Amino acid sequence: MNITEEQMKILDIFIKICMDNASRVFSKTIKRGALIELVHTQMVDIGKATEDMNNDSREMVGAMLGLMGEFPGKLLFMIPREDALVLQDLYLGSPPGSTKSLDEYTEGTIQEIGNILGSSIGNTLAADFGSTILPTPPQVMCDFAGTIFQTLILEEAMEHDELILTETKFKLSDTEIDCNFFLIPDINTLDDSMYKLEKMTI
């Protein structure tokens, strides 16, 4: 697909609005200042993106879910295994260091955060753009960063050489937690999605 520079700017603004609202919701949930900062939204070569992620040897915990509706796509929240333990303590309001090992409760926390992020994006679309998008139940994965990322892009890689990838970084106050949040619009319906976005911004 060919996407113009102007369309990319519109998509970038649209995603930034979603991320700002997700930051506020996430901050309220963990009762701590959180910023989801947009790194970039761009068309990337699938092979190169996969190679870059395969160079990340960290073991991660991720929550992947689909976005169904007028702006379909996928999102992935991914966090290093050791940081997931810290995040569980923050989420539950437990003293730091309470969570010692990854278990079903940690996975449940990551799953719920995926729910929160997906729902906040859907609510933003409904409130600001009058559109509907519904998140699917999150799938929790524990594996290396590259393996989880390949699961995210598997369907796209079977049909296309490129995809539009939005990458963000989480910043949580008073912590050194390093989270990743990826959003991939469905490239097969992107023409229709961009047309709707352009009409909304006129």
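## Nonpolar cores

The largest nonpolar core has 40 residues, and Phe77, Ile79, Leu87 and Phe181 touch the most other members. A core here is a set of buried Ala, Val, Leu, Ile, Met, Phe, Trp, Tyr and Cys residues joined through side-chain atoms within 4.5 Å, with buried meaning under 20% relative accessible area (1.4 Å probe, protein chains only). Helix H1 (residues 5-30) brings the largest share of this core, 9 residues; helices are DSSP runs of H or I with at least four residues, strands are E runs of at least two, and both are numbered from the N terminus.

Take Leu87: leaving out residues up to four places away in sequence, Leu87 touches Phe26, Phe77, Ile79, Ile110, Ile113, Leu172 and Ile177 (heavy atoms within 4.5 Å). There's also a second, separate core of 18 residues, with Ile46, Met53, Phe149 and Leu165 among them.

## The cavity

The largest cavity holds about 150 Å³ of space. A cavity is a set of points on a 1 Å grid over the protein atoms alone where a 1.4 Å probe fits but cannot get out, and lining residues have an atom within 4 Å of a point. Its volume is the space filled by probe spheres set on the points, which are joined across faces, edges and corners.

Of the 16 lining residues, Leu11, Phe14, Phe71, Pro72 and Pro185 lie nearest the centre of the largest cavity. H6 (190-201) is among the elements that supply at least two lining residues, and H6 gives the most, with 4.

## About the model

This is a predicted model, in which local features need pLDDT of at least 70 and side-chain atom pairs count only at pLDDT 80 or more, while totals for chains, interfaces and linings use all residues. Residues are numbered from 1 along each chain as its sequence is written, and side-chain values use heavy atoms, without hydrogens and water.

Terms used. Buried < 20%, exposed > 50% of the residue type's maximum accessible area, 1.4 Å probe, protein only. 1 Å grid on protein atoms, 1.4 Å probe; cavity = no way out; pocket = protein on both sides within 12 Å on 5 of 7 lines; lining within 4 Å.
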